[in-house]
Amino acid sequence: MVDELNKTIDVAARDPSWYGIDNRELESRRRWTITTRTQVGDVKKSVVARKENGNSASAMCRELMKLPISHKSDRSYQDSAEDNDDFIVSESDRQMLLIKQQDEELDELSASVERIRGVGLTIHKELLAQEKIIDDLGTEMDSTTNRLDFVQKKVAMIMKKSNIWI
């Protein structure tokens, strides 16, 4: 987890202005990850040592709760805690800003989808109207074709009769 935070800090270091942080803040975050990595290492060592000594789980928990930070003084630890709090608040603010921006982008996307939906419905209505016009035209063509066939047969019959009479 701490390694992921380091990777995140490295990404932010490439373009700090994009993330709204400065070099001082980046260094503060790097110090925090180093401190945290050390603390996690100390906890792991303590857990391994307690397992090897055969202590119970409850004794191990009690020991971990009082595990001192050997390389830091109380004042330095307090500064580190304040840096951690500042880091957490800063990250929380940044995430809230990102969420707000994403919400705004989603609202814009939603409006675009609604416009496209409206255009799609208009096209659908137009196609239905054109389909009706084409069906009506087809019906009229069939009717006209039938009348034309009838007229052609009548003309042919008249022509036959004309030939007979002549």
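Is Trp32 buried or exposed? The model is predicted.

**Exercise 1. Classify Trp32 by its accessibility.**

Solution. 
- Step 1. Take the cut-off: buried means under 20% relative accessible area.
- Step 2. Read the value for Trp32, which is 15%.
- Step 3. Conclude that Trp32 is buried.

**Exercise 2. Describe the fold of the protein chain and its surface.**

Solution. 
- Step 1. List the elements: the chain has five helices and zero strands.
- Step 2. Write them in sequence order, which gives α-α-α-α-α.
- Step 3. Turn to burial. The chain has 166 residues, and 14% of them count as buried.
- Step 4. Check the contacts. Take those between residues at least 6 apart in sequence; 55% of these join residues at least 24 apart.

**Exercise 3. Find the aromatic pairing and say which helices it ties together.**

Solution. 
- Step 1. Count the pairs: there is one aromatic pair.
- Step 2. Identify the rings and their geometry. Trp32 and Phe87 have ring centres 5.4 Å apart and planes at 20 degrees.
- Step 3. Apply the cut-off. Planes under 30 degrees apart count as stacked, so the Trp32 and Phe87 pair is stacked.
- Step 4. Trp32 lies in helix H3, and Phe87 lies in helix H5 (residues 74–165). The pair therefore ties together parts that are 55 residues apart in sequence.
- Step 5. Check the burial of Phe87. Its relative accessibility is 8%, so Phe87 counts as buried.

**Exercise 4. Work out the surroundings of Glu25.**

Solution. 
- Step 1. Locate the residue: Glu25 sits in helix H3 (residues 23–53).
- Step 2. Classify it. At 15% relative accessibility, Glu25 is buried.
- Step 3. Find the charged partner. The side chains of Glu25 and Arg29 form a salt bridge, 2.7 Å from N to O.
- Step 4. Relate the spacing to the helix. Arg29 and Glu25 are four residues apart in helix H3, which means about one helical turn separates them.
- Step 5. Check both partners: Arg29 and Glu25 are both buried.
- Step 6. Look beyond the neighbours within four places in sequence. There, Glu25 is in contact with Phe87 and Ser90.

**Exercise 5. Trace the salt bridges of Arg30 to Asp10 and Glu27.**

Solution. 
- Step 1. Start from the total: the structure holds six salt bridges.
- Step 2. Take Asp10 and Arg30. Their closest N and O atoms are 3.7 Å apart. The pair links distant parts of the chain, with Asp10 in helix H1 (residues 2–14) and Arg30 in helix H3, 20 residues apart.
- Step 3. Classify both ends. Asp10 is partly exposed at 39% relative accessible area, and Arg30 is partly exposed at 25%.
- Step 4. Take Glu27 and Arg30. Their side chains meet in a salt bridge of 3.2 Å, N to O. These residues are three apart in helix H3, so about one helical turn lies between them.
- Step 5. Classify Glu27: with 40% relative accessible area, Glu27 is partly exposed.
- Step 6. Look for a network. Salt bridges with shared partners join Glu25, Arg29, Glu91 and Arg94 into one network.

**Exercise 6. Identify the nonpolar surface patch that contains Val155.**

Solution. 
- Step 1. Name the members: Phe150, Val151, Val155 and Met159.
- Step 2. Give the area. Together they have about 390 Å² of accessible area.
- Step 3. Classify Val155: a relative accessible area of 44% makes Val155 partly exposed.

Methods: Residues are numbered from 1 along each chain as its sequence is written. This is a predicted model: local features need pLDDT of at least 70, side-chain atom pairs count only at pLDDT 80 or more; totals for chains, interfaces and linings use all residues. Side-chain values use heavy atoms; hydrogens and water are left out. Helices (H or I, at least four residues) and strands (E, at least two) are DSSP runs, numbered from the N terminus. Buried means under 20% relative accessible area, exposed over 50%, partly exposed in between (1.4 Å probe, protein chains only). Contact means heavy atoms within 4.5 Å. Accessible areas come from the Shrake-Rupley method with a 1.4 Å probe; for residues, only the protein chains shown count as cover. Rings of Phe, Tyr and Trp (its six-membered ring) pair if their centres lie within 6.5 Å; planes under 30 degrees apart count as stacked, over 60 as edge-to-face and the rest as tilted. Patches are made of residues with over 30% relative accessible area and no salt bridge: like charges are joined within 9 Å, nonpolar side chains (Val, Leu, Ile, Met, Phe, Trp, Tyr) within 5 Å. A salt bridge is a side-chain nitrogen of Lys or Arg within 4 Å of a carboxyl oxygen of Asp or Glu.
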